[in-house]
Amino acid sequence: HVNLDRFAALVGLMNTLSFVRDPIERVISHFEHRRLYADYDGTLDEFMALPANRNLQSRLLAAAPLEAIGFVGVTERYEESLALINEAYGLRLPVLTTNCHPERKDRGSYAIDAEARQRILELNRADAELVERANRLLDARRLAHESGYGFVQGAIQSVAPGSVSGFAFVRHLSTPVMVELCINGHPVATTHATAQRPALFALGAPRQGCVGFDFRLAKPLAPGDQIQCLAKLSGQSLGVRTWQPPAPKKK
C-alpha cells in the first residue's frame with residue numbers, strides 16, 4: 001500500500017515482502033472500499049478511469065525490478081505464497097482469513113459484466129503484466145525449492161544489438177551466480193554476476209550491489225533473435241527476450 005522506495009532503502013530489498021493481486025480484483029476491491037468507507041459516490045466507470053486508480057501496483061513497486069524484491073506473493077495463490085515465505089525466511093506465519101470479504105468465498109469474483117472486466121484490463125495493462133511475472137516467479141521459486149536449488153533472483157534488464165545485461169543473486173549466498181547466455185536456444189557465453197548495480201545497491205541488494213552480469217556479443221543480434229539467460233547451476237530461466245530494433249522516429 002506504499003511506494004517501495006519508502007521502505008526498501010530502510011530495511012533492504014531482501015527484507016521487503018509484498019503481494020500483488022489480479023488487477024480486476026484490485027480495482028473492484030479498491031472501488032468498494034472507497035465507496036463504503038470514504039464516501040465515494042461516483043460510478044465504477046468513473047473510478048477506474050481516474051489516473052490515480054490505474055496500474056497502482058506497478059507504480060508502487062516501480063523503484064526496483066520485481067525480481068529483485070525479497071519476496072512477491074500473489075493474493076490469488078495466498079496459501080501457496082505464505083508457505084514459500086515461511087520456507088524462504090524460516091518463519092511460521094499462519095494462514096489468516098481476517099481480511100477476506102465475508103461474501104467472497106461463495107460469490108467468487110465481484111459481480112461485474114464482461115465489458116467492465118475488459119475495460120479494467122485495458123486500463124491496467126502494466127499491472128496485468130506485473131501479476132503474470134509474479135506468478136512466473138512463484139512457479140520458479142516452488143520448483144527451486146522442490147529441486148533443492150537456491151532460488152535465483154534475477155532478470156534481463158537491457159538488450160542491445162551488441163550486448164545483454166541484467167542481474168542475478170541468491171539471497172542467502174555470498175558467492176556470485178554463474179549466468180549462461182543462450183541465443184536462439186544455443187549457449188554462447190557464460191559469466192559471473194559481479195558487476196556493480198548502483199540502483200540496486202542503494203535499495204539494499206546483497207553483495208554490495210555487485211550482482212550484475214554483462215555480455216558483449218561478438219556478432220550483433222539480428223531482428224527476431226531470441227535471447228535467454230539461465231542460472232548455470234540450476235537451469236532456472238532469468239528471462240527471455242526477442243530482439244527487435246526500435247521503430248524509426250516519426251518526422
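Gly166 stands opposite Phe213 in β8. This is a predicted model, in which local features need pLDDT of at least 70, side-chain atom pairs count only at pLDDT 80 or more, and totals for chains, interfaces and linings use all residues. Residues are numbered from 1 along each chain as its sequence is written, and side-chain values use heavy atoms, without hydrogens and water.

Helices (H or I, at least four residues) and strands (E, at least two) are DSSP runs, numbered from the N terminus. Two strands pair if DSSP finds at least two bridges between them.

| Partner of β4 | Residues | Sense | Bridges |
|---|---|---|---|
| β3 | 152–160 | antiparallel | 8 bridges |
| β8 | 210–216 | antiparallel | 5 bridges |

How many residues of β4 are buried? The count is 8 of 8 for this strand, residues 163–170. Buried means under 20% relative accessible area, exposed over 50%, and partly exposed in between (1.4 Å probe, protein chains only). Ser163, Ser165, Phe167 and Phe169 point one way from β4. Val164, Gly166, Ala168 and Val170 point the other way. Both sets are buried.

**Helices α2 and α7**

Helix α2 (residues 23–37) packs against helix α7 (residues 114–123) at an angle of about 105°, with the axes 9 Å apart. Therefore α2 is roughly perpendicular to α7. Pro23, Ile24, Val27 and Ile28 of α2 meet Arg117, Ile120 and Leu121 of α7. By class, this contact has 6 nonpolar, no polar and 1 charged residues.

The terms are as follows. Axes are lines fitted to C-alpha atoms, for helices over the stretch in contact, and angles run from 0 to 180 degrees between N-to-C directions. Under 35 degrees is roughly parallel, over 145 roughly antiparallel, 65 to 115 roughly perpendicular, and the rest oblique. Contact means heavy atoms within 4.5 Å. Ala, Val, Leu, Ile, Met, Phe, Trp, Tyr, Cys and Pro count as nonpolar, Asp, Glu, Lys and Arg as charged, and the others, Gly among them, as polar.

**Aromatic rings**

The whole structure holds 6 aromatic pairs (Phe, Tyr and six-membered Trp rings with centres within 6.5 Å; planes under 30 degrees apart are stacked, over 60 edge-to-face, the rest tilted). One of them joins Tyr40 and Phe47 edge-to-face, at 5.5 Å centre to centre and 75° between the planes. Tyr40 is buried, at 16% relative accessible area. Phe47 is buried too, at 0%. Phe31, Tyr40 and Phe47 make up one aromatic cluster.
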